[in-house]
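Student: Could we go through the helix packing and the chain contacts here one question at a time?

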Amino acid sequence: MAEKVTLSKKDRLSVAWRSTFLQGSWNYERMQNGGWVFALIPAIKKLYTNKEDQIAALKRHLEFFNTHPYVASPVIGVTLALEEDKANGAPVDDAAIQGVKVGMMGPLAGVGDPVFWYTVRPILGALGASLAMGGSILGPILFFVLWNVIRWAFMWYTQEFGYRVGTKITEDLSGGLLQKVTKGASILGMFVLGALIERWVSINFTPVVSTVQLSDGAYIDWNSLPSGAEGIQTALQQYASGLSLTPEKVTTLQDNLNSLIPGFVPLLLTLLCMWLLKKNVSPIVIIIALFIVGIAGHVVGLL
Amino acid sequence: MSFISVILIVVVAFLAGMEGILDEFQFHQPLVACTLIGLVSGQLVPCVILGGTLQMIALGWANIGAAVAPDAALASIASAIILVMGGQGEAGVDTAIAVAIPLAVAGLFLTMVVRTLSVACVHRMDAAAAKGSFGGVEAWHIIAICMQGLRIAIPAAALLAIPTSTVQGFLESMPAWLTDGMSIGGGMVVAVGYAMVINMMATREVWPFFAIGFCLAAISDLTLIALGAIGLSMALIYLTLSESGGSSSGGGSNTGDPLGDILNDY
């Protein structure tokens, strides 16, 4: 056996960079296979000099693959370790490599989806969006920078981890770590979702429930204010001390609901959407229906 | 709009289209896509507001497995272009959102078409691999990515080719009851995204945290960052406690965790 071929840090960085394009040729036949082989090409070039071995490796990695795009990184790391062993003469057959890929992609996708799509992105997105809605450019910048720092760090370190640990990674991951990460992410995610529903789902029922004439002294008596700037000052002071602007107290349906539980209607709406989604109603249909409800409700004066 | 702006908008659209499938840098997220359109067209602030508002609606849209979510890329790019061309500034945001939703659906079909076309690319990659041609494999992968980019860039260019006056005429012809109603609908549509996310994550064990989050959010002094910190702390506490509880009861099951019991007794 000649000198041992190993992948340098530069090779591994090149693979990590290319894995950014993992989903580029996502297709209904073998899903991420094209991106997978695209990512591994620098390693294949380095490890196999013989044309036949190269062809075999390319074909081997054009098999079906699909997982969450970021958690593919540890799988890539493990695969690099296996390919390196194989190139150095270890008896690693194609089935073993494919088995590791398929064995890891399912459980890992189960971690990637809740952690990235359901926890990190909604939280950072809501954070950025709440700033952006006030017209602040800081919102988008914060979202973009934080997201990409987290993503790069995660992809690089998990790929390196997979490469170092090799196939033992499956033991490490099944030893409760995966479940812990997933559970922690769902706790955080559910907590934040509860908060987001309260804050950002908006329904406003406009019908007036009651109009009560307020007693004297409970509202600002506009006719008896001093004239000029002094009058404005007095009015503002009275307003700040809790006096009403109008002689009548108007209570809308929304005020009643808010005094019961703030955000109660948004909560009901969300539960309704969940129920509909579970009944396999397409999200698109629900979205369109809600727009129709919004327009119809506005026209009849309910919303 | 200047020639350079038009070119840059198409480039941004291309990036957003690529990202719509790659899901890496997040150029396709409304927050980023609308901001970039605003940046290159010189109407930054209205576009940032549009991006923030659309982002709230799109929070729960994610590609899971083979399923594809409504397409944030086309929705953000096209609605931002319409906002810019309409020339109404911040007042046009509501209308732009109303236009964005049907576009998200249209984009969904476009991406499905491209994903089907990509099957052909992969077959070319097979052929290239059989010949041991690294360049061929790489080229077809890049072609597939570019098709995803064109998916957004072409509709964006088509929109830009429509005379500004036509777009403005169309926007002005929309009656107030329709745009107001649409913006009310937009406030409710946010719930669909959240419902999708909850359906994926909810187990009996984590529902109490949802309730706590919901109640705490009513305290308007708490910023989102503060809420995030509380949530993270609770998750860590819960994991630590359920571990120690699990080891003492030997089973490690849900019944063994003290905090869970406390929450259940609520």
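Student: How are H3(B) and H5(B) placed relative to each other?
Tutor: This is a predicted model, in which local features need pLDDT of at least 70 and side-chain atom pairs count only at pLDDT 80 or more, while totals for chains, interfaces and linings use all residues. Side-chain values use heavy atoms, without hydrogens and water, residues are numbered from 1 along each chain as its sequence is written, and chains are lettered from A and ligands numbered from 1 in the order in which they are written. The axes (lines fitted to C-alpha atoms, for helices over the stretch in contact, with angles from 0 to 180 degrees between N-to-C directions) of H3(B) and H5(B), residues 93-130, come within 10 Å and cross at roughly 45°. Angles under 35 degrees count as roughly parallel, over 145 as roughly antiparallel, 65 to 115 as roughly perpendicular and the rest as oblique, and therefore H3(B) and H5(B) are oblique.

Student: How many residues are nonpolar, polar and charged in the contact of H3(B) with H5(B)?
Tutor: In this contact (heavy atoms within 4.5 Å), B:Pro46, B:Ile49, B:Leu50, B:Thr53, B:Leu54 and B:Ile57 of H3(B) meet B:Val93, B:Ala96, B:Ile97, B:Ala100 and B:Ile101 of H5(B). Ala, Val, Leu, Ile, Met, Phe, Trp, Tyr, Cys and Pro count as nonpolar, Asp, Glu, Lys and Arg as charged, and the others, Gly among them, as polar. The division for H3(B) and H5(B) is 10 nonpolar, 1 polar and no charged.

Student: How far apart are the axes of H10(A) and H8(B)?
Tutor: H10(A), residues 264-278, and H8(B), residues 176-201, pack at an angle of about 55°, and are therefore oblique to each other. Among the residues making the contact are A:Leu269 and A:Met274 of H10(A) and B:Val192 and B:Tyr194 of H8(B). The distance between the axes of H10(A) and H8(B) is 8 Å.

Student: What area do chain B and chain A bury between them?
Tutor: The two chains meet through 105 residues of chain B and 103 residues of chain A. Of the buried area (accessible area, 1.4 Å probe, that two parts lose on being put together, summed over both), 77% is on carbon and sulfur atoms, and the total is about 9200 Å².

Student: Which residue of chain A forms a salt bridge with B:Glu138?
Tutor: A salt bridge is a side-chain nitrogen of Lys or Arg within 4 Å of a carboxyl oxygen of Asp or Glu, and the rule finds 5 across this interface. At 2.6 Å, N to O, the side chain of B:Glu138 meets that of A:Arg18.

Key
Helices (H or I, at least four residues) and strands (E, at least two) are DSSP runs, numbered from the N terminus.
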